[in-house]
Amino acid sequence: MAARTLLANAQVLACSGDHAERPVDGDILIEGNRIAAVSRGRLAIDGASVRVVDVRGATVLPGLCDAHTHISWPLDFVFDHGGVASSPVAAHALDVAAVARTFLESGYTLIVGAGVLQPGDDVLAKDAIERGLIRGPRIVPSGLMITERGALGADDGLMEVAADAQGLRALVARQCDAGVRAIKMFISGDSIVPGFPSSDTYMDDDMVCCAVEEADRHGAFVTVHARGSASVAMAARAGVRLIHHACFLDDEAISALESRRDDVWVCPGLHYLYAMVNGHAEPWGVTPEQVDASGYREEFRAQVDGLRKLRAAGIRIVAGGDFGHQWTRHGTYAAELARYVELVDMTPVEALHTATRNAAPLVGLDVGEIRAGALADMLVLDGDPTADITVLQDPARRHAVIKDGAFEYVNPGVYP
């Protein structure tokens, strides 16, 4: 018989899809790695046949997802991509393990890779977690980022470079054969890097279509860095599943996304821009003049406006934030959700959905809800995030994290 655990006296936040949902008093029965039953009030269970964990009125909600992660970036990362890429492999592996643990302890039971700095980071971490060697979330692994000849990242040795559609197809196939399932491509510039404005568009429809087709053949999918409208529209036309940033959106881009409403997701990384334009990076050498020159202030305003349009159009948004810089430190991932509430007029429940139920169909996993049959990935939290989304950011409030039906993290300050 599968192991059985009863989470008793919980405030259950199921993330069922109801934007008016609030936590309700209930119990949750776990059998093996899945949720067997959820009740209002108490479940009638023989205490001799089940392990009972009294959560004493804490909120229990689905484990969270961040869909734009770089576990290559260590806890002390300060924009030195080259230094991380060339660091000793063994020391770097320990840094990666620490980041994986930090995601898990922050309540994140699922992450989607958005590019690594040493080739096997995501794939090897996923394997180590699944073998029980280290603690961490479920990982949809990425590989080295892919760019086009002459584009951003083509000359720094940190990305793979494709010259044409067939070369790109071969790169995608090789990454998939190595275990990558989220192929990250750069199809636009990024104005923070001089000479590579966000409005630039790289690759073309044929190249992106070839990449999507090859990834699909291997059971993987393509994610893209696309900040400008033209790159977003191209990504939507070509069948890209996950579009990062989407900072500038014109009518063509919105229309292209609407036509793919059922199988495309936008992952904005709003908190990163918020932190940059509000001076959070200044202590680490990013001056106000650099931010002004990058055009990030306009880009931030455009992204807020664009997210409101996406929300109104019913385009699915998934949380993810490029976290790991010192001004967006590892462990502060839920700040992304707070920005959606503060700036995009989402309710706290809507914001939670971007990190729970919206992510499940993106990755094809039975997660993101508390219901019978779903995988038992949950966060036990002191406080009600539907009333105050910022409670997710307080480490002291995270009492426990359950993944695959097992307690993967227990806060020693709460349960000594």
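Start by selecting V78 in this predicted model: V78 sits in the loop that runs between strand 6 (64–69) and helix 1 (81–85). Colour V78 by accessibility and you will find a partly exposed residue, because its relative accessible area is 33%.

Next, leave the surface and select strand 12 (residues 221–226). Six of its six residues are buried, so strand 12 is largely enclosed by the rest of the structure. Show the side chains and look at each face in turn: F221, T223 and H225 are buried on one side, while V222, V224 and A226 are buried on the other.

Now bring in the neighbours of strand 12. Select strand 11 (residues 182–186), which pairs with strand 12 in the parallel sense over five bridges. To find one point of contact, click F186, whose bridge partner in strand 12 is H225. Then trace the chain from strand 11 through helix 5 (residues 205–217) to strand 12; this β-α-β crossover is right-handed.

Keep H225 selected and look for its bridge partner in strand 13, which is H244.

Notes:
Residues numbered from 1 in each chain as written. Predicted model: local features only at pLDDT ≥ 70, side-chain atom pairs only at ≥ 80, totals over all residues. Heavy atoms only, no water. Helix = DSSP H or I, 4+ residues; strand = E, 2+ residues; numbered from the N terminus. Buried < 20%, exposed > 50% of the residue type's maximum accessible area, 1.4 Å probe, protein only. Pairing = 2+ DSSP bridges. Right-handed = clockwise from strand over helix to strand, strands pointing away.
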